[in-house]
Amino acid sequence: MNVGTRMMVRGLTVVLVGLTAAACSNQPNSANTDMPSSNSASSRSSGSSAAKTFGDLPSPCGPGSARIAGGENGGSTLKLGTATDHGADAAPGTNEEMLDAAVAFAKWCNAQGGIAGLKVEVVDLDGKLFQVPAAIEQACSSVFAMVGGEWVFDEQQFPRFTQCKMVSFPTALLSAEAMGNADTVQAVPSIKTEAPYGWFEWAAKSHPQDVKKTAVLYADNPAIIVARNTILQQLSYTGIASVTQMSYSINGEANWAPFAQKLKDSGIQTLTFVGSPGNYALLAKAMTEIGYKPNLVLNDSNFYTDLLVQPGNVKNVEGMSARTVFVPFEEAGRNKALQDYEDMMSTYNPKGLKAQQGMAATSALLLFGTAAKSCIASNGGVLERKCVLAAGKKVTSWTGGGLHAVTGPATGAPTKCITILQIKDGKWTREYPQLGSSDDSGKGYHCYDPGLMTVTGK
């Protein structure tokens, strides 16, 4: 499943099942205290006006005398619009962690002087799920660029997005229309035609007998069926050909016992659940009640969430694995970029959610800032949409300062690297690769070659 499809699964199921920002690993508003603190002294300087780096990335912020091209901004400050659906009645708070990160980033950057002297102002583009047309009108009239956000139903922004010559550096893209848009640069790219297969390659090699009895359980919804089809192609690519498929209601099930029993009766030893962590927790409870658990449960990164390690769930989901392309929160003390993100949030938006999606939004904001700084330097001190877009598309290697595995915004290809996490003894722990092992391709990820496969997207 490519990153965009993964985000679509997370977003749609969060909305339709009634879950909110817990679909990614939301962390309490305090740094992890049981990890080494060797990086803390240097990273905490990121919370001050003297900040020079974010992780290993030179800060894109600082003093200067840049100006914005005429007609491309709604005021004297550099207005960046962050798309979310946090005001949706059906799922209040959806993607709110992205807006929280944007607010913190703007204050962090402004404390250093802004971007070449341009003070950053965040504009809340709340699409409320089905009011994206109004939100894109707000963007067209009042912001320079859309940065660090995501609308669940982002196809609603077209054709207005193109008509008003907007540009975007989003956290994620969900629809085919958005993924194919030429005026967009992604820090953590997704693409309709390619997907990483590494997580299932790991499954096939680490659990060769278990994958012979594999099942994919998915919500009965057109968008999620696309995700299911991608997973089936990934499984086949890695040699896992015999797969049982089971669908459940997009609104969840009143009784998960029949699903648990069918999995048990079918002898399923490897399970991938496509949907929300909340629904999986209910299925896991039903499996526990009949004394059954597959040897391998391998889910996508939206399952890396504190929701599953809460007292009511953790016993049932013990042993579940999830892939990620981001640094785990549990390793903040070993990673300066993650520590800088946590420090930035604690200093400039202490009530905001710290979450994996917040990290993704921060990476997008840093990419925009880096591209804007480059544009200003090469364009006579003027920040212009076409110029910043072109600068973003020249970035061939990107990690958000070390927040995630290496990506290529210039090509739009997803990352080839993974980390596998597991719930062990009630806590999220690193399962693969072990740090410093022969499987560690660097920075705690295993990167596959070629790493990407062609998918139909249907």
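This is a predicted model: local features need pLDDT of at least 70, side-chain atom pairs count only at pLDDT 80 or more; totals for chains, interfaces and linings use all residues.
Local features need pLDDT of at least 70 and side-chain atom pairs count only at pLDDT 80 or more, while totals for chains, interfaces and linings use all residues. Residues are numbered from 1 along each chain as its sequence is written, and side-chain values use heavy atoms, with hydrogens and water left out.

Student: What share of the residues of the protein counts as buried?
Tutor: Buried means under 20% relative accessible area, with a 1.4 Å probe and protein chains only. The protein has 458 residues. The share of them that counts as buried is 62%.

Student: How many residues of helix 7 are buried?
Tutor: Helices are DSSP runs of H or I with at least four residues, numbered from the N terminus. Helix 7 covers residues 198–206. Its buried residues include Trp 199, Phe 200 and Trp 202.

Student: How is helix 3 oriented to helix 13?
Tutor: Axes are lines fitted to C-alpha atoms over the stretch in contact, and angles run from 0 to 180 degrees between N-to-C directions. Helix 3 (residues 96–110) and helix 13 (residues 356–378) pack at about 45 degrees, with axes 8 Å apart. Angles under 35 degrees count as roughly parallel, over 145 as roughly antiparallel, 65 to 115 as roughly perpendicular and the rest as oblique. Helix 3 is therefore, relative to helix 13, oblique.

Student: Which residues of helix 13 meet helix 3?
Tutor: Contact means heavy atoms within 4.5 Å. From helix 3 come Glu 97, Met 98, Ala 101, Ala 102, Phe 105 and Trp 108. In helix 13 they meet Gln 357, Gly 358, Ala 361, Thr 362, Leu 365 and Leu 366.

Student: Is Asp 425 buried or exposed?
Tutor: Asp 425 is in the loop between strand 15 (417–424) and strand 16 (427–432), where strands are DSSP runs of E with at least two residues. Exposed means over 50% relative accessible area, and partly exposed lies between that and buried. At 66%, Asp 425 is exposed.
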